[in-house]
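Subject: Handing over a structure, with notes on its aromatic rings

Hello,

Here is the structure I promised to pass on to you. Please look through it first, and then read the notes that follow.

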Amino acid sequence: MRILLSWYAKNNDFKDGEVAETGPTIEFHRYFYQHDKHIILSASGEDDTALNVLVNQLLRLFPGRRIESRLMAVSDVINVDEIRVRIEPLLIELADEEVDVFISPGTPAMQVAWYLAQSTLGLSIRLFQTTAAKLSADGKPKLKESVVQQSTVPIAAIIKEKQVGRPAQPDFLLTDSLKSIYDRAFKVAQTDDVRCLIQGASGTGKERLARSLHDQSVRRNQPFIAVNCSSLTDSLLESRLFGHRKGAFTGATENAVGLFEAAKGGTLFLDEIGDISPFMQQSLLRVLQEREISRVGETSSRKVDVRVIAATHQNLRQRCRDGLFRWDLFYRLSVVELTLPTLAEQGVDEKRALITFLLKAKAKVFRRKKPLTLDKTVWALLENYLFPGNVRELENLIESLYVFCTDQVSFADLPGWLTSPDVNDGSTSFLWSHHERSLIVRTLHYYNGNKAKAQRALGYGSINTLVRKMEEYGV
């Protein structure tokens, strides 16, 4: 099938409120149309009366032709990035067809977007423009094909990258383990229709990554709204996400807009998506499939324009295998998967770099002239501790040290959960070094500080070994 694509130009296709007989769209149909279908695009996201009038006039003048309209929901018609992410999914959808693009109608940014799509998508698209009839000698418009060289370099991404300077550096340290993940997130951000599932243990920074993805996308000037799905019951979550009508349930004293509507044009971050019930899974699946919601208590549907990013600490594939999560919803959410490593998985060098970064960052927050310093014993404990709460737990620890310490942190300044972890608490933070230190302390206490007796009880080969261990652990 040979398909013609074009925007309509209200300033050129209409004159004094009527369809212009010499407008670019009418003239293309009169002189050059040899297609099976024409899809006319509107920047509007809602019903476009002018476009409907233009389509009806075309059908009257050229009976039998197939003409369709598409609403592209472009909020800024001079924003090349936004236009590009709207048209690229459509071009990919039509990849198996023979597509011609009439680039003359529309804003200059729309024309640039067609060129960028042609040069980067690798599709068989032909671009055409026309010269006005009044500019030609014979009084007829002329058709000209614009040949664009295909490139293996993603030109659109390069323009975007130059515009923002590089993937924006977050206000926290990107360790080597995180850099590749944030680079991938930057690429995902450039394609608006690609949904993303972020996986990682609690405290690894899933919301931070989601916000970074939003900030690098065309939606960055629109709302970013986060909701923790595990903290709400089904009824509350349904009302929170979709909104409700006045009188829909006890306490619904007025109409309420849901988060899908509140995030219009932006990003909705669904945290802990793995914990939602089968009922909510079904409700979300419908929204993702139909791109529309129904407020609680209403029968009518409302179109929504929002990018959904989901996150979970759960193994969703395993939950699907166990029958606890829907495969069809999983596939809708996880077009791209990004997995954040735990702090323990990042290694000692990266942990040390992160601790140093947080010490400097929190010095500014707490208005200190210089960062806190840690003695060797404290460094050893922090490097060996697994931090089951990950970056969040480490950050909280650093903040607490600034509350209680003025310049240097010693072993005595550390909280008990770090210096004497409970072996029976089921925590992954237990390490031999913690256990060994605890044994030394208890043994010395039992023998009233007698190092010789403690050394023999502990099984060390010499008292020097015990003394070295005591110095290492700050006993």
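Phe102 is buried, with a relative accessible area of 1%, where buried means under 20%, exposed over 50% and partly exposed in between, computed with a 1.4 Å probe on protein chains only. Phe28, at 3% relative accessibility, counts as buried too.

Before going on, please keep in mind that this is a predicted model, in which local features need pLDDT of at least 70 and side-chain atom pairs count only at pLDDT 80 or more, while totals for chains, interfaces and linings use all residues. Residues are numbered from 1 along each chain as its sequence is written, and side-chain values use heavy atoms, with hydrogens and water left out.

Phe242 and Phe260 form a stacked aromatic pair, with 5.8 Å from centre to centre and 25° between the planes; rings of Phe, Tyr and Trp (its six-membered ring) pair if their centres lie within 6.5 Å, and planes under 30 degrees apart count as stacked, over 60 as edge-to-face and the rest as tilted. This pair links distant parts of the chain, since Phe242 lies in helix 9 (residues 234-242) and Phe260 in helix 10 (residues 259-262), 18 residues apart; helices (H or I, at least four residues) and strands (E, at least two) are DSSP runs, numbered from the N terminus. Phe242 is buried at 4% relative accessibility, and Phe260 is buried at 1%.

The structure holds 12 aromatic pairs, and ring pairs join Phe28, Tyr31, Phe32 and Phe102 into a cluster.

Best wishes
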